[in-house]
Amino acid sequence: MRSSVTKWRCHASAILAIISASAVSVCFAQSGGAGRLGAATARPQWNVEVVSQDLDYPWDIERAGERIFMTEKAGNIVMVDAGRQRRFPVHTSDPIVAEGGGGLLGMALSSDFQSSGLVFLYHSYQSRAGLTNKVIQARFDGKEWAEVKVLLAGIPGHRLYNGGRVALGPDGHLYVTTGWTENRERPQDLRSLAGKVLRMTVSGQIPADNPFPASYVYSYGHRNPQGLAWDPLGQLFSIEHGQLGHDEINQVKPGANYGWPLAEGREQRVGMEPAWVESGQETWAPSGAAFSGNFLLVSALGARGLLAVDPSTRTVRTVFSSGDRIRDVLPAGRDIYVITTNRSPRGEGPSKDRLLKLTPQL
Ligand SMILES: [Ca+2]
């Protein structure tokens, strides 16, 4: 316990130093609106190790001890262990359909993964309704990844707007983001699973204390919510893509309406929650989120960098940029891992991607 606390403090202070040294910043909260994102840092502050350059459209990164696991959209899980990379197909009851931005997306390791091998995955499949998404539990036995059970199927899908992150909350429940599927009714319709943050037990049941009776819906009015992260106080944050700019970071409260498509960004509307921070006219295309100490790290595809948000001032800064579209971020002690998705979901063909390990030069 002591060593983990020490690591956390060391890591948080390293991030703080990097952020303090960053070149430009904009305070969204004080201006009451949006502004331009700070430019990339002026001088190198990270040692960057290319851990892998043999990835194809990775989407989610997790860690168990020294082993790193990444989903790839086509339906594989890549494991990096002691410098050795192995790629495994995931065996599922419905074939994983990788179409546009859909495919094998989010992953969360169970809290006892080291002994149980259990994970939660979000993937696209073909149903009679067309491209559809589901949340499954799968197991890794050291040789194969295979579905154990389906937790929730029938989440509406789309070539571009599938949400797709899954994360275990401090309450032990599973949280899932879903996309609006370019349908203006669904995000505001509590009967639809689209355009939502969902909350379920790890066996796929509706928790008794969910905000709406007999519903997986935890919050609604989302466009294409992606990363989920809890701060040290246990408050949930989610990030999402706006239509044209107006990317959002939302503080997610149970039962709240985040506006889409009736309101966007920091627009005020009765009964709706304005974004906690938004990108204004800029496009971040944020995808992954994780707290490092008190700082919220956000991986950005469009802004091609790693952003850090100081919650006390709601200041957003670019703390790392390599020219890659950054898909997801994973703090690990004082290091930070990021994965890239260098091909747009609007294109086709393989995507030449990398796993980078960032170590502060301190
Ligand atoms: Ca919103």
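What pLDDT does the protein average, and what share of the residues score at least 70? The average is 89, and 88% of the residues reach a score of at least 70; pLDDT is the predictor's confidence in each residue, on a scale from 0 to 100. This is a predicted model, so to speak: local features need a pLDDT of at least 70, side-chain atom pairs count only at pLDDT 80 or more, and totals for chains, interfaces and linings use all residues. Residues are numbered from 1 along each chain as its sequence is written.

Over residues 1-10 the pLDDT stays under 50, and the model gives them three contacts beyond four places in sequence; a contact here means that the C-beta atoms of two residues, placed from the backbone, lie within 7 Å. Residues 23-44 also have a pLDDT below 50, yet this stretch has 51 contacts in the model beyond near neighbours in sequence.

Now for the overall picture. The secondary structure comes to three helices and 25 strands, where helices (H or I, at least four residues) and strands (E, at least two) are DSSP runs numbered from the N terminus. Of the 362 residues, 47% count as buried. The cut-offs go like this: a residue is buried if 20 or more other C-beta atoms, placed from the backbone, lie within 10 Å of its own, exposed if 12 or fewer do, and partly exposed in between. Among contacts between residues at least 6 apart in sequence, 53% join residues at least 24 apart.

Strands of a sheet pair through backbone hydrogen bonds, either parallel or antiparallel. For the counting used here, two strands pair if DSSP finds at least two bridges between them. Val-135 has Leu-152 of β10 standing opposite.

A second open sheet to look at has four strands in the order β15-β16-β17-β18, with antiparallel pairing. Its edge strands are β15 and β18 (277-278), each pairing on one side only. Even so, β15 (residues 224-230) is mostly covered, with six of its seven residues buried. Five bridges link β15 to β16 (residues 236-241) in the antiparallel sense. Ala-229 has Phe-237 as its bridge partner in β16, while Pro-225 is partnered by Glu-240. The hairpin of β15 and β16 has five residues between the strands, and there Gly-234 takes a positive phi near 90°.

Leu-228 belongs to β15. This leucine counts as buried because it has 25 C-beta neighbours inside 10 Å. Leaving out residues up to four places away in sequence, Leu-228 touches Arg-165, Ala-167, Tyr-175, Thr-177, Leu-236, Ser-238 and Ala-289. Ala-289 is 61 residues away along the chain, but the two C-alpha atoms are separated by 5.8 Å.

Ser-219, in strand β14 (residues 217-220), also counts as buried because 25 C-beta neighbours sit inside 10 Å. Among the residues that Ser-219 touches beyond four places in sequence are Lys-196, Val-197, Val-252 and Tyr-258. Thr-177 is 42 residues from Ser-219 in sequence and 9.7 Å away in space, C-alpha to C-alpha.

Further along come β20, β21 and β22. Five of the six residues of β21 (residues 305-310) are buried, so this strand is largely enclosed by the rest of the structure. β20 (residues 295-300) runs antiparallel to β21, joined by five bridges, and β22 (residues 315-320) likewise pairs with β21 in the antiparallel sense over five bridges. Leu-307 of β21 stands opposite Val-298 and has Thr-318 as its bridge partner in β22. Both pairs form hairpins: β20 and β21 have four residues between them, with a positive phi of about 50° at Arg-304 in the turn, and β21 and β22 have four residues between them, with a positive phi of about 55° at Arg-314.
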